[in-house]
Amino acid sequence: MQLSSEPGVARVLHVGVGALVMAAGVIGASLSIPDDITPPGALTFASYLLAISLAAPLLPSMRNDTRSLLRGENVLIAALVYWTLSELLQGRYAADLSRDAVVREFFMIGTAGIGFWLGANAWRPMAPKFLFREAMQPLGVPAIFAVLVLAFVLGIWDFFYRADFDLDTMVMALGNDRWNTPWQRESLGDWSAFSYHLQYFGYLVPPLTVLLALRAGARRTVTWIGLCMSVTILAFHAQGGGRRIVGAMILAGLFCWLIDTRRLTFLRALATLVAVGALVALLQVMLVYRGVGFGDSSAVLPEFDQVFVDDNFLRIGQMLEFVPETRPFVGWQYVTYALVRPIPRMLWPDKPIDGGFELAEELGIPDTSFALTMAGELYVSFGYIAVFLGALVYGRFATMVNALFEKPPGAVNPLFPSLMLVWLFVGVRSMLEIMLMGYVLLAMTLLSAMVRHVASLRRGASLSQPPGTSRTS
């Protein structure tokens, strides 16, 4: 049964009990934190308790339908656990933090989870018309291929442009480390930032290829062309070391397939696990090679005994030891910094260059930046209340996916909810990502509308011709 169809009282109970379960789990996990947290694995049990308590309210609504498994709040909670607790859950991690900082971080993570849950379930779903209009428009194989080609050309343009359109230079640069390529850009961009932003169109290529394979078949020539384009785009972004970018592109394709197939059989579930495992392995390889380049044959492949994400738990805890005791909350500065990020600096030279708090600077580590996740960034702004309110907003964003899933099967282009899910997942890593990944959604909306408009003009021109005539007569 869909949540939107539940009676009012049952819905309130569903939402309220879920929030209470999460809150109780957060308290229980915090109480289970040992006095000595220095040994590796000391926080593993408490972390599992926290993760399970955040996931527990999601389980009753899950069915053998990927639309119920991939609801927006489910992906948000999964992202929260992934970005904050991954290292702890593996049992080989020692956090060099005070116990008080760990307790506060558990409460911060729990506050974000409760905010996600309430934001996604306590109010009616959001349904932006401009986005839903395109999501509800079917695209045939020719239109999908046209969008795919446009996305590839636009997405690869900046790499060609910065390499002076020298193909040999581009191929050779793929073996270099992330800092020694023609397309390496400064942190504060100039007019060329407009060209750089075209790379966001490239994020669409892998999921579009999956959609093309679903509609045209895996053996069609257009599908193999799309696969070549996808491998090319992934290669350039993998060389740049952006693990979240490569992960987002591949994850969007996986989501697209799952949403389109709907039912999970044993083989599909196994294929999903294999795909996720391969993705994790690829991201691990990128982590090792991005500092030396794939052309360095002396680099040693990692031992896959631990999955490294971003070390976010440690960095958030270190931030909590500074804020607000020795560093005051920054107020709206961090939020403003994230909101204005899409505005080119050439149009606003005095645009903020940071969010008002740099952990690396506080720790005395030069030329480095650390991710705090959206929860940490919101805490730096106003404390726990900002974490809760910001998570509510993210939960409201999640309802857009849920609203699409409530449409009749086959009525929605699966690429749109898949991109929205990636937008949510990566957006939990940072408020900056929720803004930048919004470019990808906008790019797909624009390309879809443009291709449909051109197709309608061609149909109109064809219908306007008198019978028995041709365009060349």
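These are my notebook entries on a few spots I looked up in this structure, which is a predicted model.

**Entry 1: aromatic pairs**
I started with the rings and found that the structure holds 16 aromatic pairs. I picked Y200 and Y203 to look at, and they make a tilted pair, with 5.3 Å from centre to centre and 55° between the planes. Are Y200 and Y203 buried or exposed? I found Y200 buried, and Y203 is buried too.

**Entry 2: Y200 again**
Y200 turned up with another partner, Y439. Which helices do Y200 and Y439 sit in? Y200 belongs to helix α10 (residues 199-202) and Y439 to helix α22 (residues 438-464).

**Entry 3: a ring cluster and a charge**
Next I followed ring pairs through F116, Y394, F397 and W423, which they link into a cluster. Then I asked myself where the charged end of R315 sits. It lies over the ring of F370, 3.9 Å from the ring's centre.

**Entry 4: V288**
My last stop was V288, in helix α14 (residues 266-289). Its relative accessible area is 29%, so I wrote it down as partly exposed, since buried would need under 20% and exposed over 50%. I also looked at V288 and G241: they are 47 residues apart along the chain, and 9.5 Å separates their C-alpha atoms.

Technical notes:
Residues numbered from 1 in each chain as written. Predicted model: local features only at pLDDT ≥ 70, side-chain atom pairs only at ≥ 80, totals over all residues. Heavy atoms only, no water. Helix = DSSP H or I, 4+ residues; strand = E, 2+ residues; numbered from the N terminus. Buried < 20%, exposed > 50% of the residue type's maximum accessible area, 1.4 Å probe, protein only. Phe/Tyr/Trp six-rings, centres within 6.5 Å; stacked < 30°, edge-to-face > 60°. Lys NZ or Arg CZ within 6 Å of the ring centre and 35° of its normal.
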